[in-house]
Amino acid sequence: MSDETPTVYRAPLDPTGEPERLMILPRRVEDGTLLLVRRDAGHAPGLLSTEPPHADEGLTEAVTRILRSRLDVQVVGALRVAEARRPARMGQPRRGADGTGWLRAIAVDVSGEPHADPLLAGVEALSPAAADLALATDLERWVLADALALFADSPSAE
């Protein structure tokens, strides 16, 4: 990671290129816990994922909106964006098949008591070690490690 977090994130311009998903890891400033979401009851929790923002919407605005609407928490401080991405198999609707896509970690400090929106089965506040154990796949654990490294490389929100 460079010394400076990118202030503007730009999704790849090629609409038929390999897709990318942003994997958001919120860390609650009140107690340092990580917020993972459950998409379905009985399934393992995971990071909150989203498509890259529209070109007219900045990354900070998009992540702030997503966290407010999906988890009812407020962003505190700057986003931290991983330069590296992880390859992942994902659907590519424009090509009509599955193929290689990319997952990029975003780490962000948040404040507030989380409440999952109705489209999620729940939200869990876990320590980093418990979050690592709760994730279902090695790929998710690698993305979690990428996000945790972003927290380690940057000062906490003031």
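**A walk through the predicted chain**

Gly 42 is exposed, at a relative accessible area of 81%. Exposed means over 50% relative accessible area, buried means under 20%, and partly exposed lies in between (1.4 Å probe, protein chains only). This is a predicted model, in which local features need pLDDT of at least 70, side-chain atom pairs count only at pLDDT 80 or more, and totals for chains, interfaces and linings use all residues. Residues are numbered from 1 along each chain as its sequence is written, and side-chain values use heavy atoms, without hydrogens and water.

Where does Gly 42 lie? It sits in the loop between strand 2 (34-38) and strand 3 (48-50). Gly 42 and Ala 121 are 79 residues apart in sequence, yet their C-alpha atoms are 8.8 Å apart in space.

Now the whole chain. It has three helices and eight strands. Helices (H or I, at least four residues) and strands (E, at least two) are DSSP runs, numbered from the N terminus. Along the sequence the pattern reads β-β-β-α-β-β-β-β-β-α-α.

The protein chain has 158 residues, and 38% of them are buried. Take contacts (heavy atoms within 4.5 Å). Among those between residues at least 6 apart in sequence, 71% join residues at least 24 apart. The accessible surface is about 8,500 Å², with 52% belonging to carbon and sulfur atoms. Such areas come from the Shrake-Rupley method with a 1.4 Å probe; for residues, only the protein chains shown count as cover.

One more stop is Asp 72, in the loop between helix 1 (59-71) and strand 4 (74-75). Asp 72 is partly exposed, at 41% relative accessibility. Its phi is near 60°, a positive value in a residue other than glycine. Most residues other than glycine have a negative phi.
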